[in-house]
Amino acid sequence: MAEEVILLDFWPSPFGMRAKIALREKGVDFDLREEDLSSKSPLLLEKNPVHKKVPVLVHNGKPVCESLIIVQYIDETWGHESPLLPSHPYERARARFWADYMDKKISVGGVVWAPTGEAQEAAKKEFIECLKVLEGELGDKAYFGGERFGYVDVSLIPFYSWFYAVETSANLSIMEECPKLVGWAKRCMQRESVAMSLPDQYKVYDFMLEVRKKRRAQ
Amino acid sequence: MAKDGDVKLIGAWPSPFVMRPRIALNLKGVEYEFLEEKFGAKSDLLLRSNPVHKKIPVLLHADRPVCESLVIVQYVDDAWPSSGPSILPSDPYDRATARFWAAYIDEKWFPSMTGIAKAQGEEAKKAALDQVAEGLSLLEDAFGKISKGKPFFGGDTVGFLDIALGCLLGWLRVTEKMNGVKLLDEAKVPGLAKWAERFCADDAVKGVMPETDKLAEFAKLIMAKFKAAPSPQ
């Protein structure tokens, strides 16, 4: 049976990175298609008519949308010998809780696209608070789930590619504020799936500057 | 009867999110102690069990807390796998579909509903009501595709997506009553209108779905309190 796996993506998107990491962790061959968000492809509009956003995983023609839902789908469909979610129900619930926390609370955009200095200060404060809570949850463990790289790590590590952009925007040192978290991030970066899926932090920074220029011109 | 360590649920009767784990526990036949929070004052137990969000519902299973309504529902499904029906579908694609629509309901549709109360003026109110109606029409379509002629989103029995949407029916009815509109209109969303009746009549739901009149009274109470109090932040 020929398996067709397409991922509609936008390279700076942390949400797209989650899907790429998960696919690579499972060793799934996929066709990575870069979207121009200012001119969305017919495929994107057809497969995600409700939100029209990336990432979208298209598996044998059927779309899966929303990054955490995509990661869970990948986990449930491939590589059952190396699950991303823990097997114990309570640990699974904790993993889901923390990924949900990130989606409710982390806002990189709030910091880098802040309209005023005041808004940026508030966003910066919230961002750091959020990272500190996550650092507290990590504790002294190698990964959020313990010894093994898993769902919560996949969900959070993409934001690391935005750290330099956030730090320069808001005049902040994440290393100083959350050293354990930075240590964890560097550990994750040693995994091939992560190193391949995260863009260089300077590239992201350049992207941020370009977007700012465009916004000012408008 | 499922008995696996003591089960408590911290919640409040008007909360649609609290209803979700209650239905899940009912489906699994799990006995639990319902710890009702007093409106306006969070208990120590709640603050200790959910320090991150400080919100209800919180499930305490052998004193270990599980937070966030849909995380709790999945937990109940995982923790009592051989009791009652499966709450989530078994096929990964169907699971992804159910999760997608549940996320849509919580992130887009429910906020559009609370947006009605916040709308200032006739035009804004109409725009807000239209948004809710549009969402319902999307959900009607989804219901047709997902249920495949069966009574529920979950098929023959109440499942994850039924719980996610069904728990908001009480507040939807209050919104209809307070704005003099029919949103769950049999003419516009016939599938959902009939599904709503079946959902509310289900054994797992009957005892925990609040009466619309009682909810409407409660809604007036909180709106009055918010108007009286200075804007809290």
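**Stop 1: the domain contact in chain B**

Select domain 1 of chain B, then domain 2 of chain B: 16 residues of domain 1 are in contact with 21 residues of domain 2. Contact here means heavy atoms within 4.5 Å. In your viewer, domain 1 of chain B is 7-79 and domain 2 of chain B is 92-218. These bounds come from an automatic or database domain assignment. The centres of the two domains of chain B, taken over C-alpha atoms, are 22 Å apart.

This is a predicted model: local features need pLDDT of at least 70, side-chain atom pairs count only at pLDDT 80 or more, and totals for chains, interfaces and linings use all residues. Residues are numbered from 1 along each chain as its sequence is written, chains are lettered from A and ligands numbered from 1 in the order in which they are written, and side-chain values use heavy atoms, with hydrogens and water left out.

How much area do domain 1 of chain B and domain 2 of chain B bury between them? About 1800 Å², with 76% of it on carbon and sulfur atoms. Buried area is the accessible area (1.4 Å probe) that two parts lose on being put together, summed over both. Now pick out Trp13(B), Met19(B) and Arg20(B). In domain 1 of chain B, these lose the most area to domain 2 of chain B, together 33% of what that side buries.

Stay on Arg20(B). Its partner in a salt bridge is Asp106(B), with the closest N and O atoms 2.8 Å apart. A salt bridge is a side-chain nitrogen of Lys or Arg within 4 Å of a carboxyl oxygen of Asp or Glu. The rule finds one salt bridge across this domain interface of chain B. It also finds five residue pairs in polar contact there (both at pLDDT 80 or more). A polar contact is a pair of N or O atoms within 3.5 Å; within protein, one must be able to donate a hydrogen and the other to accept it, and residues adjacent in sequence count only if both atoms are side-chain atoms.

Next, colour helix H1 (16-27) and helix H3 (69-79) of chain B. Each supplies at least two residues of the side of domain 1 of chain B that touches domain 2 of chain B. H1(B) gives the most to that side, with nine residues. Helices (H or I, at least four residues) and strands (E, at least two) are DSSP runs, numbered from the N terminus. The residues on that side of domain 1 of chain B divide into 12 nonpolar, two polar and two charged. Ala, Val, Leu, Ile, Met, Phe, Trp, Tyr, Cys and Pro count as nonpolar, Asp, Glu, Lys and Arg as charged, and the others, Gly among them, as polar.

**Stop 2: the domain contact in chain A**

Switch to chain A. Select domain 1 (5-77) and domain 2 (89-217) of chain A. Their C-alpha centres lie 20 Å apart. Here 14 residues of domain 1 of chain A are in contact with 24 residues of domain 2 of chain A. The two domains of chain A bury about 1700 Å² between them, 67% of it on carbon and sulfur atoms. Show Trp11(A), Arg18(A) and Ile21(A): in domain 1 of chain A they lose the most area to domain 2 of chain A, together 34% of what that side buries.

How many salt bridges does the rule find across this interface of chain A? Two. Zoom to Arg191(A) and Glu25(A), which form a salt bridge with the closest N and O atoms 3.0 Å apart. Nine residue pairs are in polar contact between the two domains of chain A (both at pLDDT 80 or more). Helix H1 (14-25) and helix H3 (67-77) of chain A each supply at least two residues of the domain 1 side that touches domain 2 of chain A. The largest share of that side, eight residues, comes from H1(A).

**Stop 3: where the chains meet**

Show both chains. The contact takes 24 residues from chain B and 24 residues from chain A. Together chain B and chain A bury about 2200 Å², 66% of it on carbon and sulfur atoms. In chain B, select Tyr93(B), Arg99(B) and Phe100(B): these lose the most area to chain A, together 27% of what that side buries.

Five salt bridges are counted between chain B and chain A. For a salt bridge to look at, go to Arg95(B) and Glu76(A), 2.9 Å from N to O. Strand S4 (64-67), H3 and helix H4 (92-118) of chain B each supply at least two residues of the side of chain B that touches chain A. H4(B) supplies the largest share of that side, 11 residues.

**Last stop: confidence**

The mean pLDDT of chain B is 93, and 94% of its residues reach 70 or more. The model scores ipTM 0.96 and pTM 0.95.

Notes. pLDDT = per-residue confidence, 0-100.
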